Every structure is written in structure tokens, then in C-alpha cells.
Amino acid sequence: MTTQSIRGFNADDARSLAGSAPRHVAEFVVADLLRQAKAAARESRHGLESHIDAARLSEEECERIARAIQARGFDVALAREGDRAIFALRW
């Protein structure tokens, strides 16, 4: 994945990807992960692992977020450790 393929992401994209998860939390998670991925791609990295405090998100909501990010062209692995969700993105 190149930086060009993830350019142009905005808050409307975050809202559409977040689905029915609590908007303020899920939007932030989606937007932040994609922002981190864009920055990593600019640094010529091909992956990113991000630890998110997901205490207010259910397992289903985290999986929905992972699927939404995957729909943007990333390979996504999700793991939970207590109140933390670990999203590993590859492109």
C-alpha cells in the first residue's frame, strides 16, 4: 500500500467505518489508526502495531473496526489483552 492509496481520509470516512460502535470512541480509533498508518507509510515502513485502550469497546466493536480498516486495503490482525486492543496493520 502506498501513501497515495490512504490519502484523503477524513472524519466522514471515520464515521462510516465506525458503524454502530460508540461514535466518539470508534471514530477516534479508526481515524487514529489510519493516521498512524499514513505516517508509517511515509517513513517507508510496511507495518504498524498499535495498542489502544479499548475498555469501552466490546470484542464485536473492535472486530468491526478491524474489518473496516481491512476494507481500506490493510491486512489487519486484532488481539485483546484485558482492556487493550492491539491492532497490527500490514500493507
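Helix 4, in this predicted model, comprises residues 59-70. Its 12 residues reach 16 Å from the first C-alpha to the last, close to the 16 Å expected at 1.5 Å a residue. Seen by burial, the helix contributes Glu 61, Cys 62, Arg 64, Ile 65, Ala 66, Ala 68 and Ile 69 to the buried part of the protein. Two of these buried residues, Ile 65 and Ile 69, also belong to the group with the most contacts inside the largest nonpolar core.

Two or more residues are given to the core by each of helix 3 (23-42), strand 1 (47-53), helix 4 and strand 3 (84-90). Helix 3 provides the most, with nine residues. For Val 29, once neighbours within four places in sequence are set aside, the contacts are Ile 52, Leu 57, Ile 65 and Phe 87.

At the level of the whole protein, four helices and three strands are present, arranged along the sequence in the pattern α-α-α-β-α-β-β. Among contacts with a separation of 6 or more, 59% are formed by residues 24 or more positions apart. The protein has 91 residues, of which 42% count as buried.

Methods: Residues numbered from 1 in each chain as written. Predicted model: local features only at pLDDT ≥ 70, side-chain atom pairs only at ≥ 80, totals over all residues. Heavy atoms only, no water. Expected span 1.5 Å × (residues − 1). Buried < 20%, exposed > 50% of the residue type's maximum accessible area, 1.4 Å probe, protein only. Core = buried A, V, L, I, M, F, W, Y, C linked by side-chain atoms within 4.5 Å. Contact = heavy atoms within 4.5 Å.
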